[in-house]
Amino acid sequence: MGTSTNYKAPTSPQWKKLKGKVTRLTGQGSLSSTSRKEIVRDYVNVNYGSSRGTTNRGRAARRRAAQSVAQSIGGFFSSVASEGFQKAFEDAGLGSLEGKTVSEIAHSLLDHLGGPSNTLDEADARTALCDLMDEILNDADGPEDVEEVMEMRTHGVALDNLLRRFFGYYIYEQFCKDFYGQLVANIGNKEAAESIDEIRDYVCEALKEATGDQEISQIDWDGSQGQQIVEEILQETLEVFSE
């Protein structure tokens with residue numbers, strides 16, 4: 001959970017208004033579905049600029065950190081689609097799957113796909129990828145299970161959904177960083193944890209439905225085509241929370 005004590009959230013009027021709303025709604029006890037939607041909607045609008053063309057420099061930086069990791073995810077799964085997971089894993093310089101535990105495979109993928117963590121936004125993107133890996137490998141017991149799970153996500157709809165989930169975890173991590181300390185100060189540790197869990201549940205639930213059906217192995221994920229696809233999926237993800 002992104003809760004760095006060195007992080008200073010913005011202080012714009014929009015942020016101050018949002019902070020007041022978060023305090024008010026979470027202070028009422030368990031969040032209603034309407035409250036969860038309202039908090040996340042306002043957070044996305046202020047933090048990322050959900051409408052096209054509304055990103056300022058800070059919003060663009062937050063988008064860019066997640067987009068970079070998303071392109072890496074797309075590129076890797078493109079290789080899985082054309083070569084199979086084992087070959088894609090080896091071609092990425094991660095060695096053989098033989099003898100590796102699920103945890104070791106996950107950590108190798110995290111290091112390969114997660115990129116640097118020189119900024120707080122990059123660290124959040126890396127944590128979001130870790131959350132995603134935990135989700136998709138939750139029931140895997142060995143390399144064969146990992147291979148099967150990964151290869152199931154190589155068609156358009158499955159990858160689209162995977163990237164949406166990644167962006168959802170990223171939004172959640174950043175929300176925690178921005179507001180968890182405030183919630184603890186206002187309503188205590190137990191209630192803050194419950195409120196954060198409710199926000200996470202809402203984000204995950206809102207992104208269950210996926211669209212898109214592209215042949216991912218034919219996409220140049222490292223170039224402008226991959227960048228455009230990732231931007232479109234990110235934009236669609238943000239708009240899910242803006243309605």
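In which helix is Ser-195 found? I looked it up in the model, which is predicted. Ser-195 is part of helix H9, covering residues 189-206.

**Ser-195, surroundings**

I checked the exposure of Ser-195 next. The relative accessible area is 3%, so I noted Ser-195 as buried, the limit being under 20%. Leaving out residues up to four places away in sequence, I found that Ser-195 touches Thr-26, Leu-31, Leu-183 and Ile-187.

**Salt bridges**

I then searched the whole structure for salt bridges and got 14. I wrote down some of the pairs.

Glu-38 pairs with Lys-21, and their closest N and O atoms are 2.9 Å apart. I have Lys-21 down as buried because its relative accessible area is 13%, which falls under 20%.

**Asp-121**

I looked up two partners of Asp-121. With Arg-62 the salt bridge is 3.6 Å, N to O. Asp-121 lies in helix H6 (residues 120-136) and Arg-62 in helix H3 (residues 57-83), 59 residues apart. I recorded both Asp-121 and Arg-62 as buried.

With Lys-177 the N to O distance is 3.7 Å. Lys-177 sits in helix H8 (residues 156-187), 56 residues from Asp-121 in helix H6. Lys-177 is buried, as is Asp-121.

Which residues are linked with Asp-121 in a network of salt bridges? I listed Arg-62, Asp-124, Lys-177 and Asp-178.

Key:
Residues are numbered from 1 along each chain as its sequence is written. This is a predicted model: local features need pLDDT of at least 70, side-chain atom pairs count only at pLDDT 80 or more; totals for chains, interfaces and linings use all residues. Side-chain values use heavy atoms; hydrogens and water are left out. Helices (H or I, at least four residues) and strands (E, at least two) are DSSP runs, numbered from the N terminus. Buried means under 20% relative accessible area, exposed over 50%, partly exposed in between (1.4 Å probe, protein chains only). Contact means heavy atoms within 4.5 Å. A salt bridge is a side-chain nitrogen of Lys or Arg within 4 Å of a carboxyl oxygen of Asp or Glu.
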